[in-house]
Amino acid sequence: MSDFRRSAPALEVRGLDVYYGHSHALQGVDLTLDSGVFSVVGRNGMGKTTLCKTIMGLLRASGGSVRVRGEDITRLSPARIAQAGVGYVPQGRRLWRSLSVSEHLSLAAGMRRGAWTIDRIYETFPRLAERKDHGGAQLSGGEQQMLAISRALLTNPHLLIMDEPTEGLAPVIVAQVEEMLVRLGEDGDMSVLVIEQNIGVATAISKNVAIMVNGRINRIIDSARLAADRELQQRLLGVGVVGVHAGPEADIEAADAGAEAEARPAPPRAPSTAPIRIYISNPTLPTRWSQPAPIARIEAAARTLSTGVARIEDAARQKRQAGAVVQSVSGPPVVLVVGTLDTKGEELRFIRDVIARHGLRTRLVDVSTSGKLSTCDVSAQEIALNHGRGGSSVFGSDRGASVTAMVDAFANWLRRQGNVAGIISAGGSGGASLVAPAMRALPVGVPKLIISSVASGDVGPYVGPADITMMYSVTDVQGLNAISRAVLANGANAIAGMVKARLDDRAGSERNVPADLPAVGITMFGVTTPAVQKIAADLRNDFECLVFHATGVGGRSMEKLVDSGMLAAVIDLTTTEVCDLLMGGVFPATDDRFGAIIRSRLPFIGSVGALDMVNFGAPDTIPERYRQRKFHVHNPQVTLMRTTPEENDRIGRWIGDKLNRMDGPVRLFLPEGGVSALDAPGQPFWDPEADAALFTALERSVRQTSNRQLIRIKRHINEPEFASAIVNALRPLVGRPGTRRKVAR
């Protein structure tokens, strides 16, 4: 692309005229989008969709011009415009009824190469992954909209035009689309023109907003001003409270909401960029004989309020705040007592009372799926409303599906609570499975305890990489007796002690304001220990080095801290868990390995430590297909298998795909002298050909840029010079010590 093309605006519309018969739909429209995300709003019938169709060549302009990156596309066909790098999300979705989700995506994915792949789409919209074999006609309206957006993104356009992208989506998906649009604007690889009726969305994603009136761009206004000025919205757009779809009822509903707020004082809430879904669980004043209102009735009466508090220029600040170790507090700290009250009510209330005697605030939360009414602080019906498809998805005849839906609903609910000081649960395997996923999503350091009959077995599936404490219940959690009272009391006293100690420590820290060092996560294996020791020694005066043993859960634990916002950078020296994932070893990573780095854009300094080996147990446990391979017995319980050139090629391509999805600073160092203590001249795994296959696969698959670099070093991974290169790469990416406040506590 020429320098002129690079410097030209992403979209330039000049004097655009379009007629429908004798009706002058667009009247000399002038619009320029240099880069990022730009919103256009207006009442129905003002010409917004006509503008989109004309840019895409679906309507013929009577006059004026449309240029994309300096190229005149006014007279091109829609196919040529799409090939030139313009993507389109039409209003009304326009999907094929007979094609499945995966077929829709496969068709779009073949047009242009880029960062958006089918795997990334499924990661962004997990619901599409669940429905990938369903036809377009079998999807709900929200799912169809997700698919329409995904189809456009898969063309990897330079300019993306989105006509009503959030129409028909659930609030949680609207928030997801908002976040995605803000990220697209920050990345700079794609410019986005958004036609949106939702004022909250339009002002949240764009610094300025164009207002369209009677086929013309009436004015371009600062989005913060538009979002804050209701009178201006009403005058220019006819907006009440909710958005331009609001009719005469909007102001009435707003008045009702205000009356409810006055009658029922609520604690202050943390700012949110997402639309707010308002549910009234008791439409009439309750009495002691009242029955719970049906979920369908509650959802039918709910209304959505859009908020526009997040500006695109505030995105970086908000992400830093979201990554803080301690969540923003909305009310005094509270300990959650969570479980299935329909079967464990007596035990959970006993735990609550013990905690309350310590002077701590508690909330009793019901996550049962039977639909029975229980006396508690947060009912199962209220939790169920947090499911992406509504409460009706939780209470069904299929118990397995109901439990799965409640797990998601509770996790969504818990993420919205900003004052959780600790959480405890008691139950069997089902109860532990209900609460553990949400607990794992809480930041490291927040006390988490599960009392369960399964705690004496393999607790890995429940604990994962999180700091969850599990206590064996001895007897089943089924009624109170001499044993259960003692065990449950111990658990309640333990969580109370942890919470009080943490609150006291936090208060002391705020008074003393210690000069904490930024934390850096480092992965290590026994065969990369010298390198890690050298790196940690060189960094110890400026950084707090947290070392993670790469045994499958080690990498997950490090990435858990990344997701919790507790690390300033990652030195992923030892990526051996990928070998076990791909070859069937006993210390495997998950498919989400490197996912936290992708999501957080944290500085990533990595290497290929111990990618020469796959871990198995004792020799007699090695799979039959590998019996003729090269092995090294590390100890009686661990046998190492040397990777082949073919396997290293596969490993390199897998890691390369992950690195390409990282938008933050990336430096991957390749030690030409060997990748582990066993991969050196005279050592059992020395194999330059296999290492060369790994390095070549990485260099071929990684799209190198100034921000994403592969660096070859003519040293062994454990040589001091290699460690020094790692340290020298870290410092300029993280900045001066103490400038970041992401510190493990």
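A: Let's begin with a pair of helices. Helix H4 (residues 101–109) and helix H7 (residues 141–153) have axes that come within 8 Å and cross at roughly 20 degrees. Because angles under 35 degrees count as roughly parallel, over 145 as roughly antiparallel, 65 to 115 as roughly perpendicular and the rest as oblique, H4 is roughly parallel to H7. Before going on, note that this is a predicted model, where local features need pLDDT of at least 70 and side-chain atom pairs count only at pLDDT 80 or more, while totals for chains, interfaces and linings use all residues. Residues are numbered from 1 along each chain as its sequence is written, and side-chain values use heavy atoms, with hydrogens and water left out.

Q: What is a helix here, and what is an axis?

A: Helices (H or I, at least four residues) are DSSP runs, numbered from the N terminus. An axis is a line fitted to C-alpha atoms, for helices over the stretch in contact, and angles run from 0 to 180 degrees between N-to-C directions.

Q: Is the crossing of H4 and H7 left-handed or right-handed?

A: A crossing is right-handed if the near helix is turned clockwise from the far one by less than a right angle, and left-handed if anticlockwise. For H4 and H7 the crossing is right-handed.

Q: Which residues of H4 and H7 meet?

A: Contact means heavy atoms within 4.5 Å. From H4, Val101, His104, Leu105 and Ala108 meet Leu147, Ser150 and Arg151 of H7. By class, this contact has 4 nonpolar, 2 polar and 1 charged; Ala, Val, Leu, Ile, Met, Phe, Trp, Tyr, Cys and Pro count as nonpolar, Asp, Glu, Lys and Arg as charged, and the others, Gly among them, as polar.

Q: How do the axes of H25 and H26 cross?

A: The axes of H25 (residues 645–660) and H26 (residues 688–701) come within 7 Å and cross at roughly 30 degrees. That makes H25 roughly parallel to H26, and their crossing is right-handed. Among the residues in contact are Ile651 and Ile655 of H25 and Leu694 and Leu698 of H26. The contact divides into 8 nonpolar, 5 polar and 4 charged residues.

Q: What does proline 645 touch?

A: Proline 645 sits in helix H25. Leaving out residues up to four places away in sequence, proline 645 touches Glu689, Ala690 and Ala693. Between proline 645 and aspartate 691 there are 46 residues in sequence, yet 7.2 Å in space, C-alpha to C-alpha.

Q: At what angle do the axes of H21 and H27 cross?

A: H21 (residues 529–539) and H27 (residues 720–734) have axes that come within 9 Å and cross at roughly 45 degrees. The two helices are therefore oblique to each other, and H21 passes H27 in a right-handed crossing.

Q: How many cavities are there?

A: On a 1 Å grid over the protein atoms alone, a cavity is a set of points where a 1.4 Å probe fits but cannot get out, and lining residues have an atom within 4 Å of a point. The count is 3 cavities of 30 Å³ or more.

Q: Which helix gives the largest share of the lining of the second largest cavity?

A: Helix H20 (residues 482–512) does, with 3 residues. The whole lining has 4 nonpolar, 3 polar and 2 charged residues.

Note on methods: On a 1 Å grid over the protein atoms alone, a cavity is a set of points where a 1.4 Å probe fits but cannot get out, and a pocket is an open set with protein on both sides within 12 Å along at least five of seven lines; lining residues have an atom within 4 Å of a point. Grid points are joined across faces, edges and corners, and a volume is the space filled by probe spheres set on the points.
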